[in-house]
Amino acid sequence: MAADRGKEQKRRGLKQQSTLNPHPDAVTHALFQGNDFFDPHDLLQVKYEMLRLVSVEKRPVSEAAKAFGFSRPSFYQAQAAFAQGGLAGLIPQKPGPRGGHKLTSAVMEFLVQARVAEPSLRFERLASLVQKTFGVQVHPRSIERQFLRKKKP
């Protein structure tokens with residue numbers, strides 16, 4: 001009973017950290033069968049062991065990928081991520097844009113100049129100026145957040 005509670009707590013933690021394996025049933029490698037240390041729900045552990053199987057034990061990529069529930073392209077993505085960032089490189093990144101993709105450097109330069117010329121301009125007005133000048137619709141809050149980021153040291 002306590003072991004089940006501990007496993008469920010671990011899975012909740014893995015989910016919070018975005019490292020819960022969405023397909024634990026696809027992991028068929030012997031290490032993950034009947035061994036409490038190797039957890040098929042732990043995505044980092046599964047990816048690492050897959051990479052280790054190829055690198056250390058010299059098993060074919062297709063065999064390793066299949067045994068750990070991944071495709072060959074996913075193996076190569078994990079291999080590149082590990083080579084670039086180590087174990088932390090295997091942590092899945094948040095999906096979506098990494099920044100204000102509408103607020104390019106040209107748009108931000110325009111906004112900074114507008115604020116310098118008229119410091120009392122509200123973000124709503126700045127958003128409408130961007131719409132008129134660049135044809136890009138930007139939410140006023142996005143502009144405000146970008147200005148706050150620029151102020152940080």
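Select His41 first, then show its contacts (heavy atoms within 4.5 Å): leaving aside residues up to four places away in sequence, His41 touches Arg11, Leu14, Thr19, Leu20, Asn21 and Pro24. His41 sits in the loop that joins α1 (2-16) to α2 (43-55); helices (H or I, at least four residues) are DSSP runs, numbered from the N terminus. Its relative accessibility is 18%, so His41 counts as buried (buried is under 20% relative accessible area, exposed over 50%, partly exposed in between, with a 1.4 Å probe and protein chains only).

The model is predicted: local features need pLDDT of at least 70 and side-chain atom pairs count only at pLDDT 80 or more, while totals for chains, interfaces and linings use all residues. Residues are numbered from 1 along each chain as its sequence is written, and side-chain values use heavy atoms, with hydrogens and water left out.

Next, select Ser18, which is in the loop between α1 and α2. Ser18 is not a glycine, yet its phi is positive, about 60°. At 43% relative accessibility, Ser18 is partly exposed.

Move to Lys58, in the loop between α2 and α3 (61-67). Lys58 also is a residue other than glycine with a positive phi, near 55°. With 64% relative accessibility, Lys58 counts as exposed.

Now select residues 123-134, helix α6. The helix has 12 residues and spans 16 Å from first C-alpha to last, close to the 16 Å expected at 1.5 Å a residue (1.5 Å times one less than the number of residues). Which residues of α6 are buried? They are Leu126, Ala127, Leu129 and Val130. These lie on the same side of α6, because they cover an arc of only 160° around the axis (the arc of the directions from the helix axis to the C-beta atoms). Show α5 (105-117) and α7 (140-151) as well: both are among what covers the buried residues of α6.

Staying in α6, select Arg125. Arg125 is partly exposed, with a relative accessible area of 38%. After α6 comes Gly135, with a positive phi near 70°.

Technical notes:
Helices (H or I, at least four residues) and strands (E, at least two) are DSSP runs, numbered from the N terminus.
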